[in-house]
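Here is a short briefing on one protein. Keep the sequence and the 3D view open as you read.

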Amino acid sequence: MSQHVAVVGAGVIGLSSALLLQRSGYAVTIIARDFPGPFETMDPTTKINYTSPWGGAHNRWVPPHPSLPASLEREHAMSLRTFDHMKSLHASHPHTAGITFLQGIEYIESPGPEYLALSTPSNPNALNLPGFRLLDASELPADGKVTWGCEYDTWCVNPMVYCSFLLRRFVHRGGRVLQRELRRPEEAFSLLASEGEPGRKIAAVVNASGTGLVPDPAMTITRGQTCLVAEECDATVTRQNADGSWTFCVPRGFEGGTIIGGTKELNNWDAKPSMEVRARLLKRFAETYPKILGGKSEMTVIRDIVGRRPTRDGGPRVEGELVSGAGFVMHAYGLGGRGYELSWGVAEAVVEGVERHIKGAESKL
Ligand SMILES: Cc1cc2nc3c(=O)[nH]c(=O)nc-3n(C[C@H](O)[C@H](O)[C@H](O)COP(=O)(O)OP(=O)(O)OC[C@H]3O[C@@H](n4cnc5c(N)ncnc54)[C@H](O)[C@@H]3O)c2cc1C
Ligand SMILES: *[C@@H]1O[C@H](CO)[C@@H](O)[C@H](O)[C@H]1NC(C)=O
Ligand SMILES: *[C@@H]1O[C@H](CO)[C@@H](O)[C@H](O)[C@H]1NC(C)=O
């Protein structure tokens, strides 16, 4: 009989991990408080702590560099793995998976060494990014403040279309789901015994609970306010301003409109969108990329969005832990603003971690 694994969490990380565990031959149950559903009915007053609906979500490359934390190397490798996964899923399911391939554009007012190293005269595409090209001065925003820009090939997802696709696929392939709120991930070990599968032992529990379970003192959130507009855009554009603020758009595709962003506010738990912030985001984006207006004077707002990026001091935690008195817990949380773009790489690391544990446990018998 195949080994049983429980995944706590049905955000993009739990769903991706559950699907890949299933493909690797495990019997998988997802236990979560929140599941994906239509974005149009997602209510922030009850779902603010479920981050996946409120994400953009696009892939933008974050170049690793000797001047930056070494963990970015692992994250970059995960983003490349996720890019390949999105590419093949888009090819096989262009109309249902919620994935769009498009051009990514970066505008930076004061670029750090990691960006300057991306393109040098001797190495015009140092990281070998797909479709990478440095922009020349005539292609930069008219205000003249952006000093460096590039474009590359990338993808966006409509988050709830994509997550619902993963969930549907998981169930169609025999996966089980339980809607429960747990106090600790270890509870999953005993829960399944009392939920109609007596005698079925759980080999591992995956902790993909996002902002969910206390206590990890290193966990906090990064608030993000964005605005969903009806306009479509031909690219996902990101501008890093010299004052540290961000101006970006993420077309969601599939008649989901375009996200205009956005703020990054560490440890701010305010769930209410600010109208001043909305006005500033829309104005700055229109100045940066007037093409989105299509000749009109302003964008058409659908709704304001506030989300909580699950942020961990020291970076994401993707590692196994033997919890005494319970069993093996594979942690996969703290993905911050990169949950979608790293998701498939994280899922692969989860499967490797579970496999290593099971092999190790078997060799001790
Ligand atoms: C404004 C904004 C823009 C963003 N843009 C991007 C982007 O462009 N690209 C990108 O890659 N990322 C982006 N992100 C980040 C991305 O959305 C997150 O990294 C990702 O959604 C985190 O997914 P997760 O599965 O870890 O957590 P979540 O989506 O929060 O899922 C957690 C799961 O655990 C469950 N859970 C929690 N506690 C319990 C409990 N006690 N018992 C049972 N179940 C529990 C929840 O119900 C849920 O199912 C953005 C985020 C925001 C807010
Ligand atoms: C979200 O999480 C915070 C911190 O754990 C909690 O205080 C708040 O009640 C939660 N909000 C909702 C809507 O569940
Ligand atoms: C599981 O993940 C949460 C983050 O959602 C973290 O706070 C918690 O410490 C983790 N659980 C364990 C047992 O480490």
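Which residues does Thr-51 touch, not counting residues up to four places away in sequence? They are Thr-211, Arg-308, Arg-309 and Pro-310. Bear in mind that this is a predicted model. The points below start with the whole protein and then turn to single residues.

**The whole protein**

- The protein has eight helices and 15 strands.
- Its radius of gyration is 21 Å, close to the 21 Å that the globule rule gives for 365 residues, so the protein is as compact as a globular protein of that length.
- Along the principal axes, the C-alpha trace spans about 65 × 45 × 40 Å.
- Of the 365 residues, 56% are buried.
- Take the contacts with a separation of 6 or more: 73% of them join residues 24 or more positions apart.

**Surface and charge**

- The accessible surface is about 16500 Å².
- Carbon and sulfur atoms hold 54% of that surface.
- There are 38 positive side chains and 39 negative ones.
- The centres of these two sets lie 4 Å apart.

- An unreviewed UniProt entry lists Arg-309 and Gly-337 under "binding site".
- They span 29 residues in sequence, yet no two of their C-alpha atoms are more than 5.7 Å apart, so they gather at one spot.
- Arg-309 belongs to strand 13, which runs over residues 301–312.
- Its relative accessibility is 16%, so Arg-309 counts as buried, the cut-off being under 20%.
- Beyond its neighbours within four places in sequence, Arg-309 is in contact with residues including Thr-51, Arg-223, Lys-264 and Gly-336.
- Gly-337, listed with Arg-309 in the record, is also one of the contacts of Arg-309.

- Thr-51 is in the loop between helix 2 and helix 3.
- Ser-52 is found in the loop between helix 2 and helix 3 as well.
- Is Thr-51 buried or exposed? With a relative accessible area of 18%, Thr-51 is buried.
- Ser-52 is buried too, with a relative accessible area of 8%.
- Leaving aside neighbours within four places in sequence, Ser-52 is in contact with Gly-11, Val-12, Pro-159, Met-160, Cys-163 and Tyr-340.
- Thr-51 links the two listed pairs, as Arg-309 is among the residues that Thr-51 touches.

**Ile-305 in strand 13**

- Ile-305 lies in strand 13.
- At 1% relative accessibility, Ile-305 is buried.
- Which residues is Ile-305 in contact with, leaving aside its neighbours within four places in sequence? They are Phe-39, Trp-54, Gly-224, Gln-225, Thr-226, Leu-228, Arg-252 and Ile-259.
- Ile-305 and Ala-349 are 44 residues apart along the chain, and 31 Å separates their C-alpha atoms.

- Most peptide bonds are trans, and most residues other than glycine have a negative phi. The next points go the other way.
- Gly-56 and Ala-57 are joined by a cis peptide bond, with omega about 5°.
- Ala-57 sits in the loop between helix 2 (44–47) and helix 3 (71–92).
- Gly-261 and Gly-262 are also joined by a cis peptide bond, with omega about -25°.
- Gly-262 is in the loop between strand 11 (258–261) and strand 12 (265–266).
- Glu-255 is not a glycine, but its phi is positive, at about 60°.
- Where is Glu-255 found? Glu-255 is in the loop between strand 10 (246–251) and strand 11.
- Is Glu-255 buried or exposed? With a relative accessible area of 81%, Glu-255 is exposed.
- Asn-267 has a positive phi as well, of about 65°, and is not a glycine either.
- Asn-267 lies in the loop between strand 12 and helix 7 (275–288).

Note on methods. Residues are numbered from 1 along each chain as its sequence is written. Chains are lettered from A and ligands numbered from 1 in the order in which they are written. This is a predicted model: local features need pLDDT of at least 70, side-chain atom pairs count only at pLDDT 80 or more; totals for chains, interfaces and linings use all residues. Side-chain values use heavy atoms; hydrogens and water are left out. Helices (H or I, at least four residues) and strands (E, at least two) are DSSP runs, numbered from the N terminus. The radius of gyration is taken over C-alpha atoms; the globule rule is 2.2 Å times the number of residues to the power 0.38. Buried means under 20% relative accessible area, exposed over 50%, partly exposed in between (1.4 Å probe, protein chains only). Contact means heavy atoms within 4.5 Å. Accessible areas come from the Shrake-Rupley method with a 1.4 Å probe; for residues, only the protein chains shown count as cover. Lys and Arg count as positive and Asp and Glu as negative; His and the chain ends are not counted. The place of a charge is taken as NZ of Lys, CZ of Arg, CG of Asp or CD of Glu. UniProt positions are given in the numbering used here, feature names are shortened, and annotations may be inferred rather than shown by experiment.
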